[in-house]
Amino acid sequence: MASTINAKNTSSGLVLTPDASGQLELQTADTTRMTIDSSGNVGIGTSSPTLPNGKGIVIYDTSTPRIELKNSTTGTTGTDGSGFSVAASDMYIYNNEAAAIITYTNGSERMRIDSSGKLLLNATSDPIGTMFYAYSSSLATSSIIVCATESTSNGYCYKFKGIKMTSRGEFFM
């Protein structure tokens with residue numbers, strides 16, 4: 001059992017039901033929508049928000065649970081903003097705007113997918129107009145492997161390590 005706050009669709013209005021379990025359920029029309037369990041975990045769409053460790057939020061839906069982030073720049077419709085979702089076993093990170101998805105580690109930008117779909121590593125722009133651009137400050141530690149198929153056991157792969165280009169141009173193998 002749990003203490004509940006229920007916004008009923010009847011003339012009784014808001015109904016508070018206390019108990020001593022230490023769990024709180026927020027309900028609408030007698031259906032639990034959000035749970036805060038006795039350890040502080042929050043569940044939306046589930047009454048048992050279990051996590052492997054620590055405190056957190058569990059969002060459950062039978063088909064596509066999601067988190068959407070919107071602001072005054074993105075707009076507020078269903079096709080605006082950015083978010084995260086899960087469909088079947090696949091996780092999606094998406095930006096519905098004509099803008100980049102940017103990843104930081106250790107306080108610095110490390111990866112960017114720009115609005116045209118270019119993947120940039122350790123760079124915020126592509127100075128040579130490619131679909132993939134990676135930057136390293138050291139020739140000794142930089143390398144890129146490009147494969148013509150989805151696995152290294154079937155097809156051709158090329159490893160570029162420590163290539164120094166002295167002028168803008170193309171490199172052919």
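Guide: What follows is a set of questions and answers on a predicted model.

Visitor: What does the secondary structure of the protein come to?

Guide: Zero helices and 15 strands.

Visitor: How many residues are there in the protein, and what share is buried?

Guide: The protein has 173 residues, and 18% of them are buried. The accessible surface comes to about 12400 Å². Carbon and sulfur atoms hold 55% of that surface.

Visitor: What share of the contacts links residues 24 or more positions apart?

Guide: Counting contacts with a separation of 6 or more, the share is 5%.

Visitor: Why is Ser85 called buried?

Guide: Buried means under 20% relative accessible area. Ser85 has 8%, so Ser85 counts as buried.

Visitor: Where is Ser85 found, and what does Ser85 touch?

Guide: Ser85 belongs to strand E8, residues 82–87. Leaving out residues up to four places away in sequence, Ser85 touches Thr64, Pro65, Arg66, Asp90, Met91, Tyr92 and Tyr94. Each of these counts as a contact because heavy atoms lie within 4.5 Å.

Visitor: Why is Ala88 called exposed?

Guide: The word exposed needs a relative accessible area over 50%. Ala88 has 74%, so the word applies. Ala88 sits in the loop between E8 and strand E9 (90–95).

Visitor: What is the phi of Ala88?

Guide: Ala88 has a positive phi of about 55°, although Ala88 is not a glycine. Asp30 is not a glycine either, and has a positive phi of about 65°. Asp30 lies in the loop between strand E3 (24–28) and strand E4 (31–36).

Visitor: What makes Pro18 exposed?

Guide: Pro18 has 70% relative accessibility. The cut-off is over 50%, so Pro18 counts as exposed. Pro18 lies in the loop between strand E2 (14–17) and E3.

Visitor: In what order do the six strands of the open sheet run?

Guide: The order is E2-E1-E3-E4-E5-E6, and the pairing is mixed.

Visitor: Why are E2 and E6 called edge strands?

Guide: E2 and strand E6 (57–59) each pair on one side only. The twist averages 20° from one strand to the next.

Visitor: How do you know that E5 and E6 pair?

Guide: Pairing takes at least two bridges between two strands. Three bridges join strand E5 (residues 42–44) to E6, so the two strands pair. E5 and E6 run parallel. Gly43 stands opposite Val58 in E6.

Visitor: How many salt bridges does the structure hold?

Guide: Three. Side chains of opposite charge can pair when their charged atoms come close.

Visitor: Why is the link between Arg66 and Glu68 called a salt bridge?

Guide: The cut-off is 4 Å, from a side-chain nitrogen of Lys or Arg to a carboxyl oxygen of Asp or Glu. Arg66 and Glu68 meet at 3.6 Å, N to O, so the link qualifies.

Visitor: How do you know that Glu68 forms a salt bridge with Lys70?

Guide: The closest N and O atoms of Glu68 and Lys70 are 3.3 Å apart. That is within 4 Å, so this link qualifies too. Arg66, Glu68 and Lys70 are linked in a network of salt bridges.

Visitor: What makes Arg66, Glu68 and Lys70 partly exposed?

Guide: Arg66 has 41%, so Arg66 is partly exposed. Glu68 counts as partly exposed at 28%. Lys70 counts as partly exposed at 33%.

Visitor: Why is Glu109 called buried?

Guide: Glu109 has 15% relative accessibility. The limit is under 20%, so Glu109 counts as buried. Glu109 is found in strand E11, residues 108–113.

Visitor: What are the partners of Glu109?

Guide: Glu109 forms a salt bridge with Arg112, with the closest N and O atoms 2.7 Å apart. Both residues are buried. Their side chains also make a polar contact, at 2.7 Å. Leaving aside neighbours within four places in sequence, Glu109 is in contact with residues including Ile102, Tyr104 and Asn122.

Notes:
Residues numbered from 1 in each chain as written. Predicted model: local features only at pLDDT ≥ 70, side-chain atom pairs only at ≥ 80, totals over all residues. Heavy atoms only, no water. Helix = DSSP H or I, 4+ residues; strand = E, 2+ residues; numbered from the N terminus. Buried < 20%, exposed > 50% of the residue type's maximum accessible area, 1.4 Å probe, protein only. Areas by Shrake-Rupley, 256 points an atom, 1.4 Å probe, with all protein chains shown as cover. Axes fitted to C-alpha atoms, helices over the stretch in contact; angles between N-to-C directions. Polar contact = N/O pair within 3.5 Å; in protein donor to acceptor, adjacent residues only side chain to side chain.
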